[in-house]
Amino acid sequence: MPYFRENGIDPAAVRYVIVTHADYDHSGGATAMRDVFPNSLVCAGERDRAMLEDLELMISDRYGEFAHTHNFDETEEGKHFIRAVAHSTTIDIGFTGGESLDLGDRTIEILHTPGHSWGHLSVVDKTTGFIVVGDAVLGDTVPLADGRPAFPPTYRYVEAYRATIRLLKGRRPVAILPAHYPAMFAESALDFLDLSLAYTDLVELVALETVTRSSRPISLLELIDKSHDRLGPWPSPACDYLVYAVLGHLEVLEQYHLVQSLIRSDGVQAWVAG
Ligand SMILES: [Zn+2]
């Protein structure tokens, strides 16, 4: 809002509010945006609509995905915080990627960039060649505002995530504008995309090696406990957020018959070498 004031832009002129994806720290203020931008339409990826329109579904199905068979969930305090700072929002337009928005002096293109969530969108400014990528690509650690490592890259759908990174590389972006990193330009943007792709190969290799070396079926949290020092600098409990990426990689490895999963007698899913 200070930017709008300083540059004399009337909030009533804002037509589109584009939510990149269903995560409360990216979407929870969209309802407040409706008050600030009274003529706006709230837009988001169609595949993320259900969770955006129902915060409880986001909490149970996105953040709570690991609760039943992996013994990992947000704390009650964490859920309370999410409910306190974020709200559900109605999505006026669901994008699927490939749409163009004519803003008069420039055209905006919508890209479907899944992986972190199924409906994740990125936004291309065709005039500048800048791409707003949100959390579509996450490097090898997600930093705090001061640059210190906060938690692991929380991509979930591995092959979609890899395809997204390759799609963004193919665009040869002049700059990428992530949500949790500073803007990156030209070669440093491509380096970041390459780093992000290489990191997925590292996680997959470490997951496979850790399952193969285990003498008994190994659960998701046990695997992370044994291997997180090879994957990044996060101490416990932040390293537990590797559940998103590591489960994604275990699913890929299982598709290639390199690992097999079973449900142990304690109800927890575990993996053995395939
Ligand atoms: Zn996110």
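Me: Why is His-21 called buried?

Reply: This is a predicted model, and in it His-21 has a relative accessible area of 1%. Buried means under 20%, so His-21 passes that test.

Me: And what makes Asp-135 count as buried?

Reply: It's the number again: Asp-135 comes out at 3% relative accessibility. The cut-off is under 20%, so Asp-135 is buried.

Me: What do His-21 and Asp-135 have to do with the zinc ion?

Reply: Both of them coordinate the zinc ion, His-21 through NE2 and Asp-135 through OD. Asp-23 (OD) and His-116 (NE2) coordinate the zinc ion too, and the four sit at 2.1 to 2.2 Å.

Me: How do you know that these atoms count as donors?

Reply: A donor here is an N, O or S atom within 2.8 Å of the metal. The distances are 2.1 to 2.2 Å, so these atoms fall inside that limit.

Me: Why is the site of the zinc ion called irregular?

Reply: Look at the angles among the four donor atoms: they run from 81 to 164 degrees. Tetrahedral would need all angles between 85 and 135 degrees, so this site can't be tetrahedral and is labelled irregular. For background, the ideal angle for four tetrahedral donors is 109.5 degrees. One caution: water is not among the atoms, so a site may look incomplete.

Me: How are the donor residues of the zinc ion spaced in sequence?

Reply: The pattern reads H-x1-D-x92-H-x18-D. His-21 lies in the loop between β1 and α2, while Asp-135 is in the loop between β7 and β8 (142-143), so the pair ties together parts that are 114 residues apart in sequence.

Me: What makes up the lining of the largest pocket?

Reply: There are 32 lining residues, and those nearest the centre are Tyr-16, Ile-18, Leu-103, Ile-108 and Val-123. Among the elements giving two or more residues are β1 (16-18), α3 (30-36) and β6 (121-125). α2 gives the most, with four residues. By class, the lining has 19 nonpolar, seven polar and six charged residues. The space in this pocket is about 1100 Å³.

Me: How do you know that the second largest pocket lies between domain 1 and domain 2?

Reply: You check where its lining comes from. Domain 1 (2-197) and domain 2 (206-273) both give residues to that lining, so the pocket lies between them. Of its 25 lining residues, Tyr-24, Tyr-63, Glu-74, Phe-151 and Tyr-241 are the closest to the centre. About 570 Å³ of space lies in this pocket, and its lining has twelve nonpolar, six polar and seven charged residues.

Me: Why is Arg-172 called exposed?

Reply: Arg-172 has 57% relative accessibility. Arg-172 lies in the loop between α8 (158-170) and β10.

Me: What is the phi of Arg-172?

Reply: Phi is about 45 degrees, a positive value, although Arg-172 is not a glycine. Most residues other than glycine have a negative phi. His-257 also has a positive phi, near 60 degrees.

Me: What makes His-257 exposed?

Reply: His-257 has a relative accessible area of 64%. That is over 50%, so His-257 is exposed. You'll find His-257 in the loop between α11 and β13 (259-263).

Me: Which residues does the cis peptide bond join?

Reply: Ser-236 and Pro-237, with omega at about 5 degrees. Pro-237 is in the loop between α10 (220-231) and α11 (243-255). In general, most peptide bonds are trans.

Key
Residues are numbered from 1 along each chain as its sequence is written. This is a predicted model: local features need pLDDT of at least 70, side-chain atom pairs count only at pLDDT 80 or more; totals for chains, interfaces and linings use all residues. Side-chain values use heavy atoms; hydrogens and water are left out. On a 1 Å grid over the protein atoms alone, a cavity is a set of points where a 1.4 Å probe fits but cannot get out, and a pocket is an open set with protein on both sides within 12 Å along at least five of seven lines; lining residues have an atom within 4 Å of a point. Grid points are joined across faces, edges and corners, and a volume is the space filled by probe spheres set on the points. Ala, Val, Leu, Ile, Met, Phe, Trp, Tyr, Cys and Pro count as nonpolar, Asp, Glu, Lys and Arg as charged, and the others, Gly among them, as polar. Domain bounds come from an automatic or database domain assignment. Donors are N, O and S atoms within 2.8 Å of the metal (3.2 Å for Na, K and Ca); water is not among the atoms, so sites may look incomplete. Four donors count as tetrahedral if all angles lie between 85 and 135 degrees; four count as square planar and six as octahedral if opposite donors are over 155 degrees apart and all others between 65 and 115; anything else is irregular. Buried means under 20% relative accessible area, exposed over 50%, partly exposed in between (1.4 Å probe, protein chains only).
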